[in-house]
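Please keep the sequence and the model at hand while reading.

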Amino acid sequence: MSEHAEHSLEHANHPGYGTFIKVWVALLILTGALVGVSHLGQTYAVWGLLTLTPLKAGLVFYFFMHLKYEGPLLKIVVLVTLGTLLIFFALLFSDVAFH
Amino acid sequence: MSEHVHRDDFGARLGMWLFLVTEIVLFGGLFIGYSYMRYKYPAEFHHGGAELNATLGVINTLVLLTSSLTVVLAIVAIQRAEKKRAMAFLGTTLALGLTFLVIKSFEWAAKFHHGLYPNAPHLGTLPPGEQVFFGLYFTMTGLHGLHVIVGLSLLSVMLWWVATDRIRADRYIHLENSGLYWHLVDVIWIFLLPLFYLAA
């Protein structure tokens, strides 16, 4: 009984082939969409860049890099890093805006 | 193998992630530099992007995305003790990584042929904004290319270790960490595609 529970827990921790293939298909579709919007004009291209690209990166981080299956510590490490970069980005452009 | 061996797989992954965040900051700095320069020279970046071969950029994206998939599938296979399958997935990853480098070298060779390489006489005659564009292009895709070479070297060792049973269903942290590195290389390329190839 407990062995069975342990086994199913183990199984829940390790996703199968199907999950990752679905994520890959989603990544291909998003890449197609990104290329598509880049042909619609500058505004669409920039919006595509700002929304679809982070979404693709997020899928790789969350599924392929197993962050979904990790505890809070690794998630926090990544979020703090991305937050720090965003702060630097915001600082730079707030400086640029007042020049 | 019943003697006690100290192992801390979570610690190993934490160490790898701490290294990866330094990589994110390294490339992040370049991305921030890129956005400031693009803000400063929008027309020149548009023109520079038009010089790049978007088709090759998109093909290389598909190649790297697929190679990321095969790495993660190799880990699933190892967890299930499917050694042959794991080796096939890793072999596919290596082949795709090499394909990426071959396409990249053709692309760089074409740029060099058109007088577009760092410190080229022709490049010096272009407007400053375009010089900055190609400076960033060679720096960022070059640094990324170095990471691809490092990743392929790591994954070759992993393939050898799977073949020699040093990586098994009960012990695959090295494969996991090498996979993490490879995925990060993929993520960086995900950003390089729209910033350079789709900029026009």
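In which loop of chain B is B:Asn119 found? B:Asn119 is found in the loop between α4 and α5 (121-124) of chain B, where helices (H or I, at least four residues) and strands (E, at least two) are DSSP runs, numbered from the N terminus. This is a predicted model, in which local features need pLDDT of at least 70, side-chain atom pairs count only at pLDDT 80 or more, and totals for chains, interfaces and linings use all residues. Residues are numbered from 1 along each chain as its sequence is written, while chains are lettered from A and ligands numbered from 1 in the order in which they are written.

**Chain B as a whole**

- Chain B has seven helices and zero strands, and from the N terminus on its elements run α-α-α-α-α-α-α.
- The C-alpha trace of chain B spans about 70 × 30 × 25 Å along its principal axes.
- Of the 200 residues of chain B, 39% count as buried; a residue is buried if 20 or more other C-beta atoms lie within 10 Å of its own, exposed if 12 or fewer, and partly exposed in between, with C-beta atoms placed from the backbone.
- Among the contacts in chain B with a separation of 6 or more, 79% are accounted for by residues 24 or more positions apart; two residues are in contact if their C-beta atoms, placed from the backbone, lie within 7 Å.

- B:Asn119 has a phi near 70°, a positive value in a residue other than glycine.
- B:Asn119 counts as exposed because it has 7 C-beta neighbours inside 10 Å.
- B:Asp165, which is not a glycine, also has a positive phi, of about 65°.
- The loop between α6 and α7 of chain B holds B:Asp165, and this residue is exposed, with 9 other C-beta atoms within 10 Å.

**The contact between the chains**

- The contact takes 30 residues from chain A and 29 residues from chain B.
- On the side of chain B that touches chain A, α1 (9-40), α3 (54-79) and α7 (173-197) of chain B each supply at least two residues.
- The helix that gives the most to this side is α1(B), with eleven residues.
- The residues of this side of chain B divide into 22 nonpolar, five polar and two charged; Ala, Val, Leu, Ile, Met, Phe, Trp, Tyr, Cys and Pro count as nonpolar, Asp, Glu, Lys and Arg as charged, and the others, Gly among them, as polar.

**The nonpolar core**

- A nonpolar core is a set of buried Ala, Val, Leu, Ile, Met, Phe, Trp, Tyr and Cys residues joined through C-beta atoms within 7 Å.
- The largest nonpolar core has 69 residues, and those with the most contacts inside it are A:Phe20, B:Ala74, B:Ile78, B:Leu90 and B:Leu192.
- At least two residues of this core come from each of α2 (17-38) and α3 (42-64) of chain A and α1, α3, α4 (83-113), α6 and α7 of chain B.
- With 16 residues, α7(B) gives the most to this core.
- Leaving aside its neighbours within four places in sequence, A:Phe20 is in contact with A:Pro15, A:Phe63, A:Phe64, B:Leu69, B:Val72 and B:Leu73.

**B:Val63 in helix α3**

- B:Val63 lies in helix α3 of chain B and counts as buried, with 22 C-beta neighbours inside 10 Å.
- Not counting residues up to four places away in sequence, B:Val63 touches B:Leu96, B:Thr99 and B:Phe100.
- The C-alpha atoms of B:Val63 and B:Ala77 are separated by 21 Å, and the two residues are 14 residues apart along the chain.

**Helix packing in chain B**

- The axes of helix α2 (residues 42-51) and helix α6 (residues 128-163) of chain B come within 8 Å and cross at roughly 50°; axes are lines fitted to C-alpha atoms, for helices over the stretch in contact, and angles run from 0 to 180 degrees between N-to-C directions.
- That makes α2(B) oblique to α6(B), since angles under 35 degrees count as roughly parallel, over 145 as roughly antiparallel, 65 to 115 as roughly perpendicular and the rest as oblique.
- The axes of α4(B) and α6(B) come within 10 Å and cross at roughly 160°, which makes α4(B) roughly antiparallel to α6(B).
- By class, the contact of α4(B) with α6(B) has 14 nonpolar, six polar and two charged residues.
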